[in-house]
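Work each one through before reading its solution.

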Amino acid sequence: LSAAKTQNHWDLIIVGGGLSGGLLAWRLSERHPSLRVLLVERADRLGGNHTWSFHEHDVQAPILEWLAPLVSGSWQGYDVHFPAYERVFSSEYFSIRSDSFHQFVASKLGARVWFQISVRSLSETEVELETGERLHAGAVIDARGLKREELLEDRVGYQKFVGLDLQLAEPHGLRRPLLMDTRLDQSDGYRFMYLIPWGERTLLAEDTYYNESPKLDVPVVREEIARYLRGRGWTIELVHREEVGCLAIPMYARFLKPELQREPGLRIGMRGGFFHPVTGYSLPEAARFAWFLAELKEFSPSSIRKALDQYARETEASRSYGRLLNRMLFRASEAAARVGIFQKFYRHSEGLIRRFYAGRLTWMDRVKILSGKPPVAIRRAIPCFVDREKFWEGNT
Ligand SMILES: Cc1cc2nc3c(=O)[nH]c(=O)nc-3n(C[C@H](O)[C@H](O)[C@H](O)COP(=O)(O)OP(=O)(O)OC[C@H]3O[C@@H](n4cnc5c(N)ncnc54)[C@H](O)[C@@H]3O)c2cc1C
């Protein structure tokens, strides 16, 4: 480590400069400027290679305003296309590209970020680097993200996708994002194409699959995207960037391998299980959590653990309902019939759908979603209702 890095005690070390670690470090730098915070990232940039999208109502107005400098694109409304209907929703939709995340957050944090430093292990007060050196802090937060190998495979489904940032030979004519175009082969589970129009001829096109296997044949999916675009009369001129994701869609509260559950550390972000259980998305939750934690008066391991526990308990009802929907999807319905579940869901009122994305469904909403003739086998649906586990028991 360079001489500039010889200080060896911080109030707080955050390990992992991805979405949750970066947002938390930025929020803390604003709320507690004198707190000595260090963000340690193994890559040479913050945020990896992602496009993070979210809806206007996913976070409260002050948080939305706070996120504004990161936003790479925003649109009034979005579309969904199902076999039986098309629908336009009116709420605003936002996307953040990780390059703008990196530029903005890194400039805010300055010397408080260390790049290209890989952490071997950590405890609540100590970090061991791959070089063998040790760093000490009042508290250490683990924001290293989740790896597929850390999941209990029979307790999760997956949302997998390949996204291509493209330039087309002709204007695409899209005025707003197309969140789901499901008019595709559905035999392998719920599948949709996702389009974000950046400019007249540029867009992000993502082919997404929801099923029980984490496998994704990237070259085949790339070709599927090209085929879909050709079908719409568009020619790819240039591929600027590619992103690949495989997100856990938990069916049960305990979905992390016991080794990870037993690991010491104060886990946040995906690693703490803090993401929308049905979509696998975590941007709104990472922003809300950064605001929540930054309200602490002191940052000892015990006060952070208490806050994590409180946050997990307060959000459990919504998480538990999401896991029920996931069990219905993966356990009670045939792969090819799953599109029917989403087709039925997107007929609900815009208010209900907003609350669903925001993780704020009312009891009435929950009843409405499950009422009517379900596109699932009743015999297989009934056992799905049984789940005695609590999220905080397994993960925090
Ligand atoms: C391609 C893709 C697109 C997505 N799109 C969306 C979206 O549109 N909307 C949304 O809400 N969610 C989206 N998600 C889901 C989720 O929001 C992201 O995965 C998000 O980045 C998770 O945040 P995180 O902070 O938990 O983990 P990450 O952002 O993955 O951050 C973990 C960080 O820790 C670092 N790290 C790991 N190990 C070490 C180590 N040993 N030492 C030092 N550093 C380490 C990594 O380099 C990384 O920077 C997407 C996910 C992917 C993969």
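A crossing is left-handed if the near helix is turned anticlockwise from the far one by less than a right angle, and right-handed if clockwise. The model is predicted: local features need pLDDT of at least 70, side-chain atom pairs count only at pLDDT 80 or more, and totals for chains, interfaces and linings use all residues. Residues are numbered from 1 along each chain as its sequence is written, and side-chain values use heavy atoms, without hydrogens and water.

**Exercise 1.** Describe how α6 passes α7.

Step 1. Take the axes of α6 (residues 283-293) and α7: they come within 11 Å and cross at roughly 140°.

Step 2. Name the angle. α6 is therefore oblique to α7 (under 35 degrees is roughly parallel, over 145 roughly antiparallel, 65 to 115 roughly perpendicular, the rest oblique).

Step 3. The crossing of α6 and α7 is right-handed.

Step 4. List the contact (heavy atoms within 4.5 Å). α6 brings Glu285, Arg288, Phe289, Phe292 and Leu293. α7 brings Ile304, Ala307, Leu308, Gln310, Tyr311 and Arg319.

Step 5. Sort these residues. Seven are nonpolar, one is polar and three are charged.

**Exercise 2.** Which residues of α10 are buried, and which are exposed?

Step 1. Find the buried ones (under 20% relative accessible area; exposed is over 50%, partly exposed in between, with a 1.4 Å probe and protein chains only). In α10 (residues 363-370) they are Asp365, Arg366 and Ile369.

Step 2. Look down the axis of α10. Its buried residues fall within an arc of 100°, so they line one face.

Step 3. Turn to the face away from the buried side. Trp363, Met364 and Val367 are exposed there.

Step 4. Find the partners. The buried residues of α10 pack against α7 (301-332), α8 (338-345) and α9 (350-358).

Definitions and conventions:
Helices (H or I, at least four residues) and strands (E, at least two) are DSSP runs, numbered from the N terminus. The arc is that of the directions from the helix axis to the C-beta atoms. Axes are lines fitted to C-alpha atoms, for helices over the stretch in contact, and angles run from 0 to 180 degrees between N-to-C directions. Ala, Val, Leu, Ile, Met, Phe, Trp, Tyr, Cys and Pro count as nonpolar, Asp, Glu, Lys and Arg as charged, and the others, Gly among them, as polar.
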